[in-house]
Amino acid sequence: MRLALVTNDASGGGTDAGAVAALLAAAGADVTVHDLGALDGGGAALLAGAPERLVVAGGDGTIGPVAAVAAGAGLPLAIVPMGTANDFARALGLPLDAGEAARAAARRDAPTRGVELLRAGDRPFLNAASAGLSVLAARRARALKHRLGPLAYAAGALRAGVAGRPLPCRVVVDGRELFAGACWQAIVAGTGAFGGGARLDAADPHDGLLDVAVLEAGPRAALVRRAYGMRAGGLADQAGVHHARGRVAELELPAGTRFNVDGEVCELRPARLQSRGERVEVVVA
């Protein structure tokens, strides 16, 4: 089995490319190792050796760009989770242990499952893109990751809930207005997983659609109920949460508004998120 491995040494506590490659080789694979630069130009350098499968070792923000190359090339994608939260792996029930994940990646007969690939502008993502409190939470969590690990996201969310302010926005899904007003957070989801265990559980990463949820502004104390819905489920059914599914979500936001896209904070201009019908086959066992 010829594998092309992409690593991100900035993920979590740092990804040891040599160690991951050794695990894959020990499982019987022929491995070539690449850094994120191999994704340039549509991944031509990554595909030059005619791999049978792509493998990504890193955090959630690394997976989407590699998934886009895999989808375009018609190749399966295997995940070796090396981030802090590993929300995508958890959402799909993938192995979190590096050795177990490497063995699954190297199995020629490993089953796969199609997962929708979404776009935030031209940026590919799989879990969620959101504006509002999640951006502040991600910023607050960043400084705590090395000390708290996945708990940094909960700590960041708590700080965001205390200090954050409502965001004026208008959200249109497939040409129909879903919401206009002030919100705490607007979420556009694939798997719906984000923030080290939070999720929009109504999202289905296999239906070819994106899920949109807008948490309208209200009493700050009510954020406790929102946080519970993100952890325990049922967020989309709460009063004051506006939910829709579709192909295209357009968000009108104040200039300079930042998004949290699979854990990476960035600006989207325009804020247009969509499902283009792209799917990637992910190794699931």
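Buried means under 20% relative accessible area, exposed over 50%, and partly exposed in between, computed with a 1.4 Å probe on protein chains only. By this scale Glu-267 is partly exposed, at a relative accessible area of 31%.

The structure is a predicted model, in which local features need pLDDT of at least 70 and side-chain atom pairs count only at pLDDT 80 or more, while totals for chains, interfaces and linings use all residues. Residues are numbered from 1 along each chain as its sequence is written, and side-chain values use heavy atoms, with hydrogens and water left out.

**Helix α9**

Helices (H or I, at least four residues) and strands (E, at least two) are DSSP runs, numbered from the N terminus. Helix α9 covers residues 223-232, and its buried residues are Leu-223, Arg-226, Gly-229 and Met-230. Seen down the helix axis, these buried residues fall within an arc of 115°, so they line one face of α9; the arc is that of the directions from the helix axis to the C-beta atoms. An α-helix has 3.6 residues a turn, so residues three or four places apart point the same way. Val-224 and Tyr-228 are exposed and lie on the face turned away from the buried side of α9. Just after the helix, Gly-233 adopts a positive phi of about 105°.

**Strand β14 and its partners**

Two strands pair if DSSP finds at least two bridges between them. Strand β14 (residues 248-252) runs antiparallel to strand β8 (residues 167-173), with 4 bridges joining them. Within this pairing, Ala-249 of β14 is the bridge partner of Val-173. Strand β14 also pairs with strand β17 (residues 271-283), again in the antiparallel sense and over 4 bridges. Here Glu-250 stands opposite Arg-272 of β17.

**Salt bridges**

A salt bridge is a side-chain nitrogen of Lys or Arg within 4 Å of a carboxyl oxygen of Asp or Glu. The model holds 10 salt bridges by this rule. Three of them are tabulated below.

| Side chains | N to O distance |
|---|---|
| Glu-177 and Arg-170 | 2.7 Å |
| Arg-272 and Glu-250 | 3.7 Å |
| Arg-269 and Glu-267 | 3.4 Å |

The pair of Arg-272 in β17 and Glu-250 in β14 links distant parts of the chain, 22 residues apart. Arg-272 is partly exposed at 34%, and Glu-250 is likewise partly exposed at 34%. Glu-177 is partly exposed at 48% relative accessibility, and Arg-170 is partly exposed at 30%. Arg-269, by contrast, is exposed, with a relative accessible area of 73%. Elsewhere, a network of salt bridges links Arg-2, Glu-52 and Arg-108.
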